[in-house]
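Here is a friendly briefing to read alongside the model. Take a look at the fold, then work through the points below.

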Amino acid sequence: MHTDTLREFRSYGFTLLELLVVLVILGLLASYVGPKYFSQLGRSEHSVARSQVEAFSRALGTYRLEVGDFPSTEQGLAALTAKPAGASKWNGPYLDKTVPLDPWGRPYIYRSPGRHGGDFDIESFGKDGEPGGTGDAADVTNH
């Protein structure tokens, strides 16, 4: 009777080979899906940065209409949420929240006047934090 119980117990378990086959299949699936998932994540970070730069540009347009000029480089994007010295016509805040960091955890770069012929520049240098680059490292700007 004891050997019958032992035989039944063994028939319900998995062999080491079966477990290894399952692990190999899971590894193959992860190696296929993982890169696709992480490349999508990089694209979404760029989309967030582009959306934030567009929101800052709209807020700066409103700021200019009310104050008469864009904030200086020294005043920066903080002028959209807190009244800068000397801005008597400031009627903000022009953003609902404080100016966020870019999706990679760094502050946006703001210059007025802009270096590229516009009234202002707003830039994020992408994942690598360096000017230029492609893919995840590409810059996000308002121009």
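The confidence score used here is pLDDT, the predictor's confidence in each residue, from 0 to 100. The mean pLDDT of the protein is 82, and 86% of its residues reach 70 or more. This is a predicted model, in which local features need pLDDT of at least 70 and side-chain atom pairs count only at pLDDT 80 or more, while totals for chains, interfaces and linings use all residues. Residues are numbered from 1 along each chain as its sequence is written, and side-chain values use heavy atoms, with hydrogens and water left out.

**Overall make-up**

- The secondary structure comes to 2 helices and 3 strands, where helices (H or I, at least four residues) and strands (E, at least two) are DSSP runs numbered from the N terminus.
- Along the sequence, these elements follow the pattern α-α-β-β-β.
- Of the 143 residues, 27% count as buried; buried means under 20% relative accessible area, exposed means over 50%, and partly exposed is in between (1.4 Å probe, protein chains only).
- Among contacts (heavy atoms within 4.5 Å) between residues at least 6 apart in sequence, 40% join residues at least 24 apart.

**Surface**

- The accessible surface comes to about 9900 Å², of which 60% belongs to carbon and sulfur atoms; areas come from the Shrake-Rupley method with a 1.4 Å probe, and for residues only the protein chains shown count as cover.
- A nonpolar surface patch of about 890 Å² is made by Leu-16, Leu-17, Leu-20, Val-21, Val-22, Leu-23, Ile-25, Leu-26 and Leu-29.
- Patches are made of residues with over 30% relative accessible area and no salt bridge; like charges are joined within 9 Å, and nonpolar side chains (Val, Leu, Ile, Met, Phe, Trp, Tyr) within 5 Å.
- Val-22, one of the patch residues, is found in helix α2 (residues 16-67) and is partly exposed, with a relative accessible area of 45%.

**Salt bridges**

- A search of the whole structure finds 3 salt bridges, each being a side-chain nitrogen of Lys or Arg within 4 Å of a carboxyl oxygen of Asp or Glu.
- Arg-64 and Asp-119 meet in one of them (3.5 Å, N to O).
- Arg-64 lies in helix α2 and Asp-119 in the loop between β1 and β2, so this pair ties together parts that are 55 residues apart in sequence.
- Arg-64 counts as partly exposed at 39% relative accessibility, and Asp-119 also counts as partly exposed, at 43%.
- Arg-111 pairs with Asp-121, with the closest N and O atoms 3.7 Å apart; this links strand β1 to strand β2 across 10 residues.
- Both Arg-111 and Asp-121 are buried.
- Arg-111 also meets Glu-123 in a salt bridge (2.8 Å, N to O), and Glu-123 in strand β2 is 12 residues from Arg-111 in strand β1.
- Glu-123 is buried, as is Arg-111, and Arg-111, Asp-121 and Glu-123 are linked in a network of salt bridges.

**Points to inspect**

- Asp-102 lies in the loop between α2 and β1.
- Asp-102 is buried yet has no salt bridge; the nearest side chain of opposite charge, Arg-106, is 4.4 Å away (Lys and Arg count as positive and Asp and Glu as negative; His and the chain ends are not counted).
- Not counting residues up to four places away in sequence, Asp-102 touches Gln-52, Tyr-108 and Ser-124.
- Most peptide bonds are trans.
- A cis peptide bond joins Ser-112 and Pro-113, with omega about 5°, and Pro-113 is found in the loop between β1 and β2 (121-124).
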